[in-house]
Amino acid sequence: MPAGNDENSDASTARSYNETAPLLQQSSSGARLSPAPVSATPHSSSDSSPTSEHDAWIASSQPASREAPRQRGLQRLQRLQRLQQLRQRQDQGANTHSQPFSRKWWFRRIRYYVPIVGWLTTYSLGNLATDIKAGFMVACLLVPQTLSYSALTHLPPAYGLYAALVPALVYAMLGTSRHLSMGPEALISVLTGTLVRGQIKHLYAAYSPNIPPPDAIDRFAAGVSCAVALATGLFTFALGIFRFGFLDSMISESSLRGFISGTAIFILVGQTRIVLGIPPSASVHSTPLNDLKYILTHLHQTHAATAAVSLASMALLLLLRVAKKRFKTTQWLQLVPDTLVVIIAATTASWAAELNATHGVGIFGRVDGGLPKPAIPRIPAYAESKDIVSSAITITMIGVVESVIVAREYASRNHYAVSSNRELVALGMSNIVGSAFGAYPAFGSLSRSKLNDRAQAKSQISGIVATALVLVSLLGLLPYLYHLPLSVLSAIIVDAVGSLLSATPGAIAFLFGVRAWSDLFLLLFICMCSIVSSVETGILLAVVISLIMVIKRSNTPRIRLLGRSAADIPELRPTSNLAPFSNSSRCISFGSFVNDAQTHNARQENASDSEGSPYDSDQDAGGLLRPTEGVLIVRVEEPLYFANAGQLHARLNRLEMFGDLSVHPSEAPQMKPTRAVVFDLVGMADIDGSALEILLNIVREYGRRGVRAAFARVCDDVRTKFGLSGMAEAGAEYEFEDIHSALLHVERQLTVSIAP
């Protein structure tokens with residue numbers, strides 16, 4: 001269309017809006033208008049009958065080219081009314097949904113906090129077969145693991161099944177992960193067993209010089225485990241309620257890997273004695289190093305038949321694993337439960353060969369099953385409550401980190417979201433309720449969750465199916481395991497622990513390859529402390545050192561010195577490649593810098609309207625960067641608060657002396673005396689009261705020294721706080737929209753000479 005026609009169309013549109021202005025005012029006041037009759041044209045809205053509001057809007061948005069301006073204005077008014085009605089209906093719907101304590105409000109809250117209410121109502125029966133298969137496969141691994149891990153806790157085997165029963169059922173109702181398998185876990189079982197073994201010595205001391213009966217020991221151990229489960233659940237639930245879901249990232253990967261490796265070695269040392277059939281030590285409480293010394297000095301007492309059964313079980317597990325890796329396309333082989341096959345084979349062989357009667361191999365024996373009786377956990381007599389609380393905190397940290405990491409990993413793989421805070425609430429409630437039914441602390445398991453994902457579980461129904469099979473095992477399976485050799489359970493534990501150590505060599509090689517010496521030292525140090533001292537020492541060091549590292553890094557403000565490029569374009573860039581500033585005969589004056597800046601702005605006025613493009617580039621387009629003579633241009637790259645503002649003054653002093661924070665304080669000062677400081681606050685979105693007071697004192701000190709202070713690119717919230725604090729009265733200006741305008745202001749106040 002010619003340009004003249006465009007101008008005429010714009011003019012007619014303007015006239016039409018002027019003509020319909022009174023109508024628009026009436027529409028805004030609530031009066032309903034009827035459009036004037038429109039002549040029948042091919043594009044007239046009177047000839048068309050759209051089937052929806054959207055079609056009507058499109059049809060009315062294409063008026064005939066010959067319509068009068070008033071008719072077009074009325075059609076625009078009609079469209080405006082339709083959009084207004086649509087918006088009113090949306091607002092009414094939003095108000096209905098947000099109305100507190102309405103039926104929909106309650107349903108959404110219940111669906112959010114009890115996820116089973118949400119996903120069960122929309123569950124597809126087509127996924128039921130897949131979930132049942134996944135639950136069966138997980139149960140085939142879960143039941144042998146629970147029986148094995150109960151040995152790590154010094155509890156009867158039935159208590160391992162208790163820990164896989166009620167907690168898993170509660171998590172299936174409250175958890176947001178579809179693949180996390182809830183139940184006993186190796187590290188948690190070791191921590192629980194360490195606590196139980198440490199408390200048993202108080203029971204022995206109370207019965208001294210006699211020995212407590214086995215029933216009393218079992219009741220005491222069960223009471224301690226249920227008490228620590230309750231405390232663990234309360235701590236985890238509180239973390240979720242108060243939204244501390246970020247704590248899973250507070251322990252560094254190196255610290256966690258060192259602790260896991262040390263704990264895995266601790267488990268291997270403890271189970272090696274059972275695998276070899278060496279008699280137990282007379283010591284009630286010993287360290288992993290002492291256990292290793294005991295094994296090495298008593299190798300001559302190895303029970304040959306027990307060792308043979310253990311080695312045969314581990315060989316069968318290894319053979320099945322290798323076969324699955326080699327024949328990945330064989331579907332039936334991938335579905336074979338390794339541990340269940342080993343338990344069935346070992347139990348059958350032990351029964352047929354009468355290994356216990358003829359060769360003295362220790363067997364599972366008779367274990368009373370049945371459902372646990374609900375009871376409120378209480379700290380048993382002779383147990384130390386402070387030890388239970390401290391162990392509960394340790395177990396909470398490890399269980400939360402492992403469970404949340406596993407839940408996030410498989411949620412990411414299967415494209416759904418999990419909430420860390422709701423996961424903590426679900427884990428906490430699982431342990432609180434489980435503690436009333438004889439369960440010791442239970443959390444998510446990586447190996448079982450991996451199997452659940454491999455079986456393509458679609459929902460928490462797989463966890464419910466696994467829980468039902470655990471109940472069946474508890475009620476009817478235990479009598480059939482009478483002839484199961486105990487060394488086979490230890491062999492299963494050793495095989496499971498091997499997966500914990502499998503990632504350690506790769507982690508060490510990676511840290512060595514990238515020369516992360518501090519992380520490598522941390523991994524090895526925590527691992528050795530867990531082995532030489534105890535598991536509690538290892539996790540305590542991992543948590544404390546990680547928190548110290550977080551505090552140290554958050555305590556240091558992220559500030560950078562900006563300098564002008566040595567090229568002819570006066571860009572301001574971080575001075576990471578700052579040129580050494582020597583005592584040259586000629587200095588860069590403020591006037592020359594500002595003149596260059598004005599010339600550059602003239603060149604760039606049509607290129608970009610963004611403040612960041614000419615000044616924020618980290619690329620060196622013109623050689624080395626030089627500091628601006630007599631002035632510091634400091635960029636604050638993060639919000640300031642009480643923790644990181646404490647060192648701001650000291651770091652600014654180092655910038656004044658050296659121009660670079662990486663220069664050692666023992667070096668001679670390299671910078672000229674500072675006469676002005678310009679702060680670029682583009683990255684400081686907020687500042688708290690403590691940091692604001694520190695910054696205000698810094699500005700006042702600058703004023704006493706005769707150093708001008710200016711702030712550029714201050715956000716609205718920070719500018720308001722500056723005004724309330726009296727920053728202007730202290731001598732600082734903070735209304736500059738860019739760095740160069742701040743420099744121009746400083747130039748008008750200072751005179752910088754050019755040396756001959």
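**View 1. α22 in the lining of the second largest pocket.** Helix α22 gives the most to this lining, with seven residues. The model is predicted: local features need pLDDT of at least 70, side-chain atom pairs count only at pLDDT 80 or more, and totals for chains, interfaces and linings use all residues. Residues are numbered from 1 along each chain as its sequence is written, and side-chain values use heavy atoms, with hydrogens and water left out. Helices (H or I, at least four residues) and strands (E, at least two) are DSSP runs, numbered from the N terminus.

**View 2. The second largest pocket as a whole.** Its volume is about 1300 Å³. In all, 44 residues line the second largest pocket. L446, S447, R448, K450 and S499 are the closest to its centre. By class, the lining divides into 21 nonpolar, nine polar and 14 charged residues. Ala, Val, Leu, Ile, Met, Phe, Trp, Tyr, Cys and Pro count as nonpolar; Asp, Glu, Lys and Arg count as charged; the others, Gly among them, count as polar.

How is a pocket found? Rolling a probe the size of a water molecule over the atoms shows where empty space is left. The search uses a 1 Å grid over the protein atoms alone. A cavity is a set of points where a 1.4 Å probe fits but cannot get out. A pocket is an open set with protein on both sides within 12 Å along at least five of seven lines. Lining residues have an atom within 4 Å of a point. Grid points are joined across faces, edges and corners, and a volume is the space filled by probe spheres set on the points.

**View 3. The largest pocket.** This pocket has a volume of about 1500 Å³. Its lining holds 49 residues. A151, H154, R273, I274 and P280 lie nearest the centre. Which helix supplies the largest share of the lining? Helix α12 does, with seven residues. Helices α7 (128-152), α10 (186-207), α11 (214-241), α12 (253-276), α13 (288-297) and α22 (486-502) each supply at least two residues. The lining has 28 nonpolar, 17 polar and four charged residues.

View 4. Side chains of opposite charge can pair when their charged atoms come close. A salt bridge is a side-chain nitrogen of Lys or Arg within 4 Å of a carboxyl oxygen of Asp or Glu. The structure holds ten of them. In this one, the side chains of R705 and E656 meet at 2.7 Å, N to O. The pair links distant parts of the chain. R705 sits in helix α29 (residues 689-705) and E656 in helix α28 (residues 648-658), 49 residues apart. Buried means under 20% relative accessible area, exposed over 50%, and partly exposed in between (1.4 Å probe, protein chains only). R705 is partly exposed at 40%, while E656 is buried at 11%.

**View 5. The salt bridge between R713 and D680.** The closest N and O atoms of R713 and D680 are 2.7 Å apart. R713 lies in the loop between β8 (708-712) and α30 (716-725), and D680 lies in strand β7 (residues 676-680), so the pair ties together parts that are 33 residues apart in sequence. Buried or exposed: which is R713? R713 is buried, with a relative accessible area of 12%. D680 is also buried, at 0%.

**View 6. The salt bridge between K721 and D686.** These side chains meet at 3.0 Å, N to O. K721 is in helix α30 and D686 in the loop between β7 and α29, so the pair ties together parts 35 residues apart in sequence. K721 is partly exposed at 29%. D686 is partly exposed at 38%. Elsewhere, salt bridges that share partners join R635, D680 and R713 into one network.

**View 7. Backbone details in three loops.** A cis peptide bond joins S208 and P209, with omega about 10°. P209 lies in the loop between α10 and α11. R243 has a positive phi, near 60°, in a residue other than glycine. The loop between α11 and α12 holds R243, which is exposed at 53%. H415 is not a glycine, yet its phi is positive, about 60°. H415 belongs to the loop between α18 and α19 (420-435) and is exposed at 73%.
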